Amino acid sequence: MALHVPKAPGFSQMLKDGAMHLSGLEEAVYRNIAACKQFADTVKTAYGPNGMNKIIINHIDKTFITNDAATIVKELDIEHPAAKIIVFASEMQEQEVGDGTNFVIIMAGALLEQAEHLLKMGLTPVEVCEGFQIALEKSLELLPTLTCHEIKDIRNNAEQQVIMQSIKSSIMSKQYGQEQFITDLVLKACTSILPDKATFNVDNVRVCKILGSNLFNSTVVNGMVFKRTNEGDITKQTNAKIAVYTCPIDITTTETKGTVLIKSADELQNFSRGEEMVLEEQIKAIADAGITVIVAGGKFGDMALHYLNKYKIMGVRLMSKFDLRRLCRSVSATALPRLTPPNKEEIGYADCVYVDELGDTSLVVFRLDGKDSRMSTIVVRGATDNYMDDIERAIDDGVNTFKGITRNGKLLAGAGAIEMELAHQVGLYADTLPGLEQYGAKRFAIALEGFVKILADNTGVKSNETLADLYSQHSKGNKFAGFNIEPKGSTIIDVSEAGIFDSYLSKFWGLQYATQAACTILRVDQIIMAKRAGGPKAPGGRAPDNDDDA
């Protein structure tokens, strides 16, 4: 008879063998806080212009060298459930604003670190969360009063300098030293396609990375650039009329199988000639419609290429259906599913379509001059793929900052000035609160101070002295006093004069997401993990499906 081992009393007796159950302050709350603090400490050293890079090797052995928190978070497969909540908050920040993911992670980690002190003092997690929420409301109330500039008209030439400074600040944290050149590229690409009424779309600024040369040979092209070569012999068309097809450019095959009985050589010749004549008629009809460039999502057959050369039509094949859609948007064309001549509304236009070569890479360029351009492409040059990937991430941050300015023109002081002013004002406000919430609000202010401390530590300056100097400036009413990362001169700088600006939306959403994530983690008092199922894990955490487009 087998020996029956009774399960331990409590919650675990309801679960399968192999399940885990953690509860209470010691087992659940402090463990969650420790995990989140470790995660925040990982990205702390990557914060600011002097932030260090991380080497990330993801699950498919691809190597990333970057200090971009969004990339670090995306490529690290974080398992801990509490740390995942901070990851979700940073991903929401990335989707909403496109920048400030590092801000969210560090702020959430700092709040949890301060909460740990309060919990050890005897406060309950609910009281700590209430204090954080009151401090957050006060911070969001103060933010609009701390704006140092507001852009009313983004097309105004006088405002362009301020826009350039705000984009430069966001790029500087990724590419310190090359920020001015990258800012000029981003500003040129964004302003060339700025719509009159519709909202600015980040997807309309593309990046094409070409190995070789150096960054300062990068350029902006109005239109689209593809790393492909042309089909056929025609390599350039000016004032091009473009037809876009999602189908292959070839002899059409019948939808049903059929058998043809051929009795003589003449019948065989006529049968082949019939197919060729149909294809020629189709391409002739397209040429008669004025088309000089055909773009297809499928292959070009040898016979089709012969007729394209005969009628002086340039052929371009795009493998990606997303590129095909973007090209349609860029040249104002309609993608056709069958090889039929397009009508007037379906024809796209480009000033010039030509084949070029940069380094060893063949390119097909669709260039649109003037106001007709709806897309621009930044052609990035660099010595290594990793370097160009990092430049692309910096460009993405710059473009998102531009989009944020089109949505809300308010700009805040950068270089830690806004965080110090909020810490100062929230600290004073916390002293006026009557209940236990004042402890949470006080610790919220201390968490905000941490950003200047991190900037100073990453620069190699004594952070405590810098913090004391900044506090004395802000208590005197100098709300734009920030940290100077330049090694020469004073560590204190007037940020509004120096032109270091932060996006209002980035701080507005960042504070909210970080506080919500910290409060969510603090309110967890039990972790219950069921026994893991056997078998292989579904890719991307989803159930496997057979849809090719997924």
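**Salt bridges in the predicted model**

K138 pairs up with E141 in a salt bridge, with 3.7 Å between the closest N and O atoms. The model here is a predicted one. Both residues of this pair sit in helix α5 (residues 125-142), three residues apart, or about one turn of the helix.

Within it, K37 bridges to E116, and the closest N and O atoms are 2.9 Å apart. K37 belongs to helix α1 (residues 24-44) and E116 to helix α4 (residues 101-121), so this pair ties together parts of the chain that are 79 residues apart in sequence. K37 is partly exposed, with a relative accessible area of 22%, while E116 is buried, at 13%.

E116 takes part in a salt bridge with K120 as well, this time with the closest N and O atoms 3.5 Å apart. Here both partners lie in helix α4, four residues apart, which again is about one turn of the helix.

As for the whole structure, a search turns up 11 salt bridges, including the K138–E141 pair in helix α5 and the K37–E116 pair between helices α1 and α4.

Technical notes. Residues numbered from 1 in each chain as written. Predicted model: local features only at pLDDT ≥ 70, side-chain atom pairs only at ≥ 80, totals over all residues. Heavy atoms only, no water. Salt bridge = Lys/Arg side-chain N within 4 Å of Asp/Glu carboxyl O. Helix = DSSP H or I, 4+ residues; strand = E, 2+ residues; numbered from the N terminus. Buried < 20%, exposed > 50% of the residue type's maximum accessible area, 1.4 Å probe, protein only.
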